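Me: I would like to learn how to read the side-chain features of a model, one kind at a time. Please give the general idea first and then the case at hand.

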Amino acid sequence: MPTTVLSGFTHNFLGNAPAWYKQVILLFLIANPLIVWTLGPAVAGWALVGEFIFTLAMALKCYPLLPGGLLAIEALLVGMTSADAVYHEVLVNFPVILLLMFMVAGIYFMKELLLVTFTQILVGVRSKSALSLLFCAAAAVLSAFLDALTVTAVIISVAVGFYSVYHKVASGKGYHHSDHNANSDEHVIELHREDLDKFRAFLRSLLMHGAIGTALGGVSTMVGEPQNLLIAKVVGWDFVSFFLRMAPVSLPVLVAGLTTCWLLEKLRWFGYGARLPKPVRQVLEEFADNERTKRTKADQAALWVQAMAALVLVVGLAFHLAEVGLIGLLVIILITSFTGVTDEHQIGKAFQESLPFTSLLVVFFAIVAVIHEQHLFKPIIDFVLSLPQDQQPGMFFIANGLLSMISDNVFVATVYISEIKQALDAGSIDYEHFQELAIAINTGTNLPSVATPNGQAAFLFLLTSAIAPLVRLSYGRMVVMAFPYTIVMGAVGLFCVINLV
C-alpha cells in the first residue's frame, strides 16, 4: 500500500497495469515533446503512431483508451495537431459514432433471441464439423446485418453460460446453484476433470470459428465493422451498393473460410477438432429442456418482439431508410417499449458495452488528425499511386493487411481511406479507380487482420472477455488457431482483389 501522497499518485497512475508498462508510457510522454523540438513534428508523428500501436498491442495490460488518450492530449498540447482538426475528424466520422452508440446498444436488447438461436444450434447438432460450420456461418450472417462486436458478445455469453452449467455439475452442484466460482477447479470432481478439459477445447474451437465468422460476414456490408461504415460514407455507397461492390471478394472468401472451417475440424489441426464429451452433452441438453419449460408467455412474447425488431432492422438497413445509428435507436425504442424495459438503469446497461470503444475511436481520430496534419502516410500513398493502376489495389490490400495485423483495422482503414480521398479531391485518381482502392482497403483491413487479437475489435473483445481464461484461450493460442484462416482468407482475398476488382 502507498505510504506517501507521491507513492499514491504512482500507484494510481494507470491502476493495476504492470510497473514496466507505466514506465514505458511515462517514457513516451517525456520523449515526445523532446522529439518535436529536436527532430521536428513529422518524426514525432511517426513515434506517436508507433506508441499508439503499442497501446493497442498491450490492450490486455491496460485498456488503450487511457494511455492512448494521454498520448493524444499531449499531441494537442505540443502542436502536432489542433482541437479543430480533431473535431473535424470526429464530425466526418459521426455516422460511425452513431453506429457504436445505438446499434450495439440496440442489439443488447435482442440478446435473448440470439442466445436461444445459438443454444438450439449447440445442443441440436451432434456432428462437430456441422456444428462448427453452422456456428461460423451463423456468425457471418449475423455480423453482415448487425455488428461483429455484438455478435461476438452473444457467442461469449452462450459459451460462458454453458461452461458455467457444466462446471457446476462437475463440482458436484446442481446447474441452478447460484453461489459458484467457475474460475476455480478446486472443487471439480476427479471423474469430471478429463471431460472438463475436453469441453474447454471444444468451446475454444467454437469460439474461434465464431470469431472468424464475424470477420467473414463483417467484410461484406457497411454495418459489419465500424470502418465499413466510414468507408461507405466517404465513397458514397449505400447498404446494397456496398454489398455488391464487395461481393467479388467477400463471397469467394466466405466460401474459402467455411471450407477451411470444415477441413480444420476433420483434420484436427491447429487446436481444432475436439468433440463434445457425452456426459457434458447430457447435462447441457437437460439444462436447455429445463429452460424451455420455464419460459413464460411473457418471455415468449418478448422473443416475438425481438424477432420483429430484427426484421425491421434488416429491412431498414437493406433499403437504407435512415442513418444506421438511427435505425439502432429505433430498435432500442421498439424492443424496450414492448418488452416492459422502462427503467432508466436497465436501459443504461445496454450502453456499457459500446461507449468505452466509442471513446477509444474518438482517440483514434485524434491520432488520425496528427497523421493528416503532418502528412505522415503521404509518401506511402504516393508510392502506391505511382505504380501502374492495375497493381495498386493489390498493393493497398497487402499494405492494409500487414498494418492491421499489428495495429487495428479501424485505425488503418480510417487513415488510408482519408488519404486516397485527398488524392481524389486533388485529381490524382478518378472516381472509378477510387472505388477500386476503397474495396482493396476494406477487404485488406478486414481479412488478414484476423491474424492477431489486436487486429480486430471483436477478437480483442474475445481475448479480454470472461470466457478466455475459463477455456484457456491465450493470445498465443489465438494466433496459432487463427493462422490457417489468415493464410486462406488473405490469399483468396488478394487473388480476388487483383483479378476480379
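**Aromatic pairs, salt bridges, cysteines and surface**

Reply: Trp-20, Tyr-21, Phe-28 and Phe-54 are linked into a cluster by ring pairs. The model is a predicted one, so local features are taken where pLDDT is at least 70 and side-chain atom pairs only at pLDDT 80 or more, while totals for chains, interfaces and linings use all residues. Residues are numbered from 1 along each chain as its sequence is written, and side-chain values use heavy atoms, with hydrogens and water left out.

Me: How many aromatic pairs does the rule give, and what are the centre-to-centre value and the plane angle for Phe-28 and Phe-54?

Reply: Rings of Phe, Tyr and Trp (for Trp, the six-membered ring) pair if their centres lie within 6.5 Å; planes under 30 degrees apart are called stacked, over 60 edge-to-face, and the rest tilted. By this rule the count is 13 aromatic pairs. Phe-28 and Phe-54 make an edge-to-face pair, at 5.6 Å centre to centre and with 90 degrees between the planes. Since Phe-28 belongs to helix H2 (residues 19-39) and Phe-54 to helix H3 (residues 41-57), the pair ties together parts that are 26 residues apart in sequence; helices here are DSSP runs (H or I, at least four residues), numbered from the N terminus.

Me: Let us turn to charged side chains. Which residues are linked with Glu-265 in a network of salt bridges?

Reply: Side chains of opposite charge can pair when their charged atoms come close. A salt bridge is taken here as a side-chain nitrogen of Lys or Arg within 4 Å of a carboxyl oxygen of Asp or Glu, and the structure holds five salt bridges. Lys-128, Glu-265 and Arg-275 are linked in a network of them. Glu-265 meets Lys-128 at 3.2 Å, N to O; because Glu-265 lies in helix H12 and Lys-128 in helix H8 (residues 128-145), parts that are 137 residues apart in sequence are tied together. Glu-265 is buried at a relative accessible area of 0%, and Lys-128 counts as buried at 5%. Arg-275 also forms a salt bridge with Glu-265, with the closest N and O atoms 3.7 Å apart; Arg-275 is in the loop between H12 and helix H13 (278-294), ten residues apart from Glu-265. At 31% relative accessibility, Arg-275 counts as partly exposed.

Me: Which residue forms a salt bridge with Arg-245?

Reply: Arg-245 pairs with Glu-432, the closest N and O atoms being 3.5 Å apart. Arg-245 lies in helix H12 and Glu-432 in helix H21 (residues 431-446), so the pair ties together parts that are 187 residues apart in sequence. Arg-245 is partly exposed, at 27%, and Glu-432 is partly exposed too, at 39%.

Me: How many disulfides does a search of the whole structure find?

Reply: A disulfide is a covalent bond between the sulfur atoms of two cysteines. With the criterion of a pair of cysteine sulfur atoms within 2.5 Å, the search finds zero. For Cys-136, the nearest cysteine sulfur, that of Cys-261, is 4.7 Å away, and Cys-136 counts as buried at 0% relative accessibility. For Cys-496, the nearest cysteine sulfur is that of Cys-136, 17 Å away.

Me: Finally, which residues make the nonpolar surface patch?

Reply: Patches are made of residues with over 30% relative accessible area and no salt bridge, like charges being joined within 9 Å and nonpolar side chains (Val, Leu, Ile, Met, Phe, Trp, Tyr) within 5 Å; accessible areas come from the Shrake-Rupley method with a 1.4 Å probe, and for residues only the protein chains shown count as cover. Trp-262, Leu-263, Leu-267, Trp-269, Phe-270, Val-480, Phe-483 and Ile-487 make a nonpolar patch of about 770 Å². Helix H12 (239-267) and helix H24 (475-500) each supply at least two of its residues.

Technical notes
Buried means under 20% relative accessible area, exposed over 50%, partly exposed in between (1.4 Å probe, protein chains only).
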